[in-house]
Amino acid sequence: MSSTELIQLANAHWQVEVTSHGGQVLRAWHRKSPHAVIFCGRKAEILPGKAIRGGVPVCWPWFGASEIPGRPIQGFARTAKWETDVMEKDFIRFVLPEKNVPEELRDFPFELFSEIRLSESLEISLVMKNTGSVPVNISCALHTYFAVSDCEKVSIAGLKNTPFTVKGGAEEVDRDDQLVIKGEVCRLYCPQSQALTLHDPDWQRDIVIEKHNSNSTLVWNPGAERCAQIGDLADEEYHDFLCIEANRAGSDTLTLLPDKTILLGQRISSSFPSE
């Protein structure tokens, strides 16, 4: 396919827009609410070699900065042109051909699929296979931007007594029943595998986030000062989202053995406590 695709998926519960740029969810809505579940920035653009500001970018095969200087942050998958492998009204599988990745970034042969399925939940999976002859070390994430009424008025339940680090610093432990965001936050929780609940009282909904084969979670929001420095976010737009990411990062990086397949998954459900 020569151009970026925008594809609509839908069922009785969800409306979701996906794109072949990065093989990712771009926006998503639950039919019981007028408010988006997945945020996409007002200034977001789909441009060759550029990551989309919002949706659910696929960070792979490294998370954060590469150990090799000069390589793009968060890997090459989120900026690559994926192709449609299977498409139905409520399911799509994208594949990332090796030929669509610059040769200087390919350290090992691979097969990589992004699967997006609608049921009562929104299910997103990254399926990776090492087709080479030697083990490789991988870090990765489903970098999910959740739309919120205001990042400083929502809370996350499920992180109490969980260790976290901030940008590789000393380990701390979250002692609060609910995490409330005040200013910039960048916390990598590990070990962390249980379901989390994003409570949004102004929008009268909870979002439940379940993971598969992930024992680390990143919570990120740039806050006011950092947001003003990000060119593809409006200055006040940090209020509109909170990233909660299913990760394999930090001490949770994985070894992908030859001819073995590993799946990283995330299931997103909306509930409305006032009903």
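**The largest cavity**

Tutor: The largest cavity has a volume of about 30 Å³. This is a predicted model, in which local features need pLDDT of at least 70, side-chain atom pairs count only at pLDDT 80 or more, and totals for chains, interfaces and linings use all residues. Residues are numbered from 1 along each chain as its sequence is written, and side-chain values use heavy atoms, with hydrogens and water left out.

First, the terms. On a 1 Å grid over the protein atoms alone, a cavity is a set of points where a 1.4 Å probe fits but cannot get out. A pocket is an open set with protein on both sides within 12 Å along at least five of seven lines. Lining residues have an atom within 4 Å of a point. Grid points are joined across faces, edges and corners, and a volume is the space filled by probe spheres set on the points.

With a cut-off of 30 Å³ or more, the count comes to 1 cavity. Which residues line the largest cavity? They are Gln192, Gln194, Leu196, Ile209, Lys211, Thr217, Ile244, Glu245, Ala246 and Gln266. By class, they divide into 4 nonpolar, 4 polar and 2 charged. Here Ala, Val, Leu, Ile, Met, Phe, Trp, Tyr, Cys and Pro count as nonpolar, Asp, Glu, Lys and Arg as charged, and the others, Gly among them, as polar.

Strand β19 (205-212) and strand β21 each supply at least two residues. The largest share, 3 residues, comes from β21. Strands (E, at least two residues) and helices (H or I, at least four) are DSSP runs, numbered from the N terminus.

**Along β21**

Stay with β21. Phe241 sits in this strand. Buried or exposed? Phe241 counts as buried because its relative accessibility is 0%. Buried means under 20% relative accessible area, exposed over 50%, and partly exposed in between (1.4 Å probe, protein chains only).

Phe241 also has a link across the chain. Val37 is 204 residues away from Phe241 in sequence, yet their C-alpha atoms are 9.5 Å apart.

Now the rings. The whole structure holds 12 aromatic pairs. Phe241 and Tyr145 form one that is tilted, with 5.2 Å centre to centre and 50° between the planes. Rings of Phe, Tyr and Trp (its six-membered ring) pair if their centres lie within 6.5 Å; planes under 30 degrees apart count as stacked, over 60 as edge-to-face and the rest as tilted. Tyr145 lies in strand β12 (residues 145-147) and Phe241 in strand β21 (residues 241-248), so this pair ties together parts 96 residues apart in sequence. Tyr145 and Phe241 are both buried. Elsewhere, ring pairs join Trp60, Trp62, Phe76, Phe108 and Phe110 into a cluster.

**Cysteines**

Next, sulfur. A disulfide is a pair of cysteine sulfur atoms within 2.5 Å. By this rule there are 0 disulfides. Cys40 is in none, and its nearest cysteine sulfur, that of Cys243, is 12 Å away. Cys40 counts as buried because its relative accessibility is 15%. Cys186 is also in no disulfide; the nearest cysteine sulfur is again that of Cys243, at 9.8 Å. Cys186 counts as buried too, because its relative accessibility is 18%.

**The open spaces**

Strands β14 (162-166), β17 (185-189) and β20 (216-221) are the elements that give two or more residues. The largest share, 3 residues, comes from β17. By class, the lining has 14 nonpolar, 6 polar and 9 charged residues.

The second largest pocket has a volume of about 360 Å³. Its lining has 14 residues, and Pro61, Trp62, Glu67, Asn137 and Ser139 lie nearest its centre. They belong to a lining with 7 nonpolar, 4 polar and 3 charged residues.

**Two more stops**

Pro72 lies in the loop between β5 (58-59) and β6 (83-88). Pro72 counts as partly exposed because its relative accessibility is 33%. Arg226 lies in helix α1 (residues 223-227). At 35% relative accessibility, Arg226 likewise counts as partly exposed. Glu184 is 42 residues from Arg226 in sequence and 7.5 Å away in space, C-alpha to C-alpha.
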